[in-house]
Amino acid sequence: MRRALPAIAALTYAFLHLPLAVLMVFSFNESRFTVWEGFSLHWYRELFADARMMEATWNSLFIAATATAAATVMGTACAYGLWKRGAPILSGTLYLSLVTPEIVTGVSMLAFYQFLFRYMDLRLGLHTVILAHIAFSIAFVVVVVKARLKTVDASLEEAAMDLGATHWGAFWRVTLPALGPGIAAAALLAFTISFDDYVITSLVAGVDSETLPMVIYAMARRGVNPTVNAISALIVAGLGVFILIAERLQEA
Amino acid sequence: MKALRFWMLAPSRALMGGLFLAPLSIIAAYSFLTRGTYGGQSTPWTAENYVRLLADPLYTLILARSFWIAGLSTMFCLLLGFPLALFIAQSGRRKNLFIHLVMLPFWTSFLVRTYAWMFLLRDTGLVNTLLQWAGVTGEPLPLLYNEAAVVLGLIYGYLPFMVLPIFSTLDRLDKGLLEAASDLGATPWTSLWLVTVPLAMPGIVGGCVLVFIPCLGAYLTPDLLGGGKSMMIGNLVQNQFTSARDWPFGSAISLALMALVMMALWTLQRRQKEDLL
C-alpha cells in the first residue's frame, strides 16, 4: 500500500491535468492536425482576427463583470443578514439553486421570460442573460462570504455600537473590512462561473447576445478547430490565475 | 437591528423569488398543461405528461440510461477518488498543495475541459494518432461519441466532488485507531478495510451523492462527447424546449429530474447533519 498509493495518486493527477496541458501545448502548433510541426502563434493571430469571436468575448466580459458586481453586493448583504439569525426559506432557496441541474434552471428561466413577454414589450438579450447570471451566482457568493463570516467576532460590532456607532456604521466600518478577502474571493468565483456558463446562457440569450462559450460550443460541434484550442488556452490561463488568487484570499 | 437585516436580505429575497422560485413554479404549472397546436401551452389540466414519461419505452430507456451512466461515473469517481483522498490525507505538510491541484482544473471552464476530451478522442485526435504510431491499431478507434466517452467526461468533470468530502473525513480521522489496529496485528490492508473505510463512510456517501446529482442532470457532456445515441435526461429536456417545442412535457421531465435530485439529497441529509448554507 505504501507504494501503490502514490502511484495511483500520480496517475490520477495526470488524468486531471494532462488533457488541459496537451490542449494548451497544441494551441501553439503550426499544423491544423495533431502532428507537431513546430511552434507558431498562427491560431492566436487567427483568433484575434475573428470578429465574431471578439464580439462574443466582449459580451462575455461585460455580462460577467456586471453580473459579478451585482451578485457580489447582493450575496454579501445576504450572507451578513443570515449571520446572526437564519432565514430558512431564503437559505433553502439558495441551497436549491445550487443543486438544481443547470438545464432545469435554464428552461425554467426561459419559460418565465417568455411568460412575462406576453405582457411586456421586451425580448431576450443581454439583460435577460445578466439577470439569469446574477440569480445563479448569488448562492456561490453567499457560501464563500458566510464561511468568512464564521471567523469574524460578532462582539466587535456590539462594542462599536456601545461606543455610539449605528448598526449600519458598525457593519460598514467593522465587519465589512474584515470580510474583504472573502468578498474578493467570492467575486472571482462568481466571475469564473458566469464567464464559463453555456447551458443557461444559450437558453436565455437573444440574437445580439452571443457569448464566448456559445461560440466555442458551436465551433466544437462542427469539429475540432485550432482556434478553439487557442481561445481555450487563454481561458484556462486567465481563469486559472483568478482561481489561484481566490484560493489565496480564502486562506488569508 | 431588525431594519438593517431586512434590507440586507431584501435584494436576495426579491431576486431568488423572482428569478428562481417563480420560474420553477411556472414550469411546475406547465407540466400539468397540454401542448397547444402551435407549440404553446393550453388547458385542460392533465397528468398526461408524467404518465407519458413513465409509460413510453423510449423515455424509460433514456431515464434508465441516465441512471446507468451517472451510477457508473460515480463508481469510477469513488475508485479513483478514495485512494487520492487517502494519499492527500497522509501527505502531511503538502496537503494544501495537493488539494489545490485537485481543485484547479475543476474551476477552469467546464466547456473547455469537455472540449479537451473531444480534441484527444476524435478519430484524428492525439490518442488515436499515438495508438496508430505505436502500431496498436491500423484504423482509428471510435473513441468519441459513445457512452464510454460520456462516462469519461463526467468522471473528469466531477472527480473533485468525490475527493473533497472523503478527504475531509479522513483528515479528521484519529491516527491512534490505525496504530491500535496495527498493534493488534492488522495488516495495512485489513486496517484499511476494517478501520479507515467504515470511519470514512460519511465522506464516501457525501461524495457519491455530490457526484451522482450533477451526473444525472448532465447536459453538456452527453451532448458533446456522446453524440446522438447517448441522450440523457438533460438532453431530453433541452430537446423538448427547443426542437420538439413541447414545453409541458419538457417541464414534466424537469420536475421529475428535480424530484430525483431531491431524493438523492434526502439520503445524504439523513446521514449527516452538516448544513451547506
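## Where the two chains meet

Chain A and chain B bury about 7900 Å² between them, with 80% of that area on carbon and sulfur atoms; buried area is the accessible area (1.4 Å probe) that two parts lose on being put together, summed over both. This is a predicted model, in which local features need pLDDT of at least 70 and side-chain atom pairs count only at pLDDT 80 or more, while totals for chains, interfaces and linings use all residues. Residues are numbered from 1 along each chain as its sequence is written, chains are lettered from A in the order in which they are written, and side-chain values use heavy atoms, leaving out hydrogens and water.

In chain A, 84 residues are in contact with 82 residues of chain B, where contact means heavy atoms within 4.5 Å.

## A salt bridge across the interface

Side chains of opposite charge can pair when their charged atoms come close. The rule for a salt bridge asks for a side-chain nitrogen of Lys or Arg within 4 Å of a carboxyl oxygen of Asp or Glu. Across the interface of chain A and chain B, one is found: Arg221(A) pairs with Asp223(B), their closest N and O atoms being 3.3 Å apart.

On the side of chain A that touches chain B, helix H1 (residues 4–26) of chain A gives the largest share, 14 residues. That side divides into 59 nonpolar, 18 polar and seven charged residues. Here Ala, Val, Leu, Ile, Met, Phe, Trp, Tyr, Cys and Pro count as nonpolar, Asp, Glu, Lys and Arg as charged, and the others, Gly among them, as polar.

## Inside chain A

Let's look at the fold of chain A. Chain A has 11 helices and zero strands, counted as DSSP runs (helices: H or I, at least four residues; strands: E, at least two) numbered from the N terminus. Its C-alpha atoms fill a box of roughly 70 × 65 × 35 Å, taken along the principal axes.

Over all chains, the structure holds six salt bridges. One of them joins Arg52(A) and Glu210(A), with the closest N and O atoms 2.9 Å apart. This pair links distant parts of the chain, 158 residues apart: Arg52(A) lies in helix H3 (residues 51–81) of chain A, and Glu210(A) in the loop between helix H9 (199–204) and helix H10 (212–221) of chain A.
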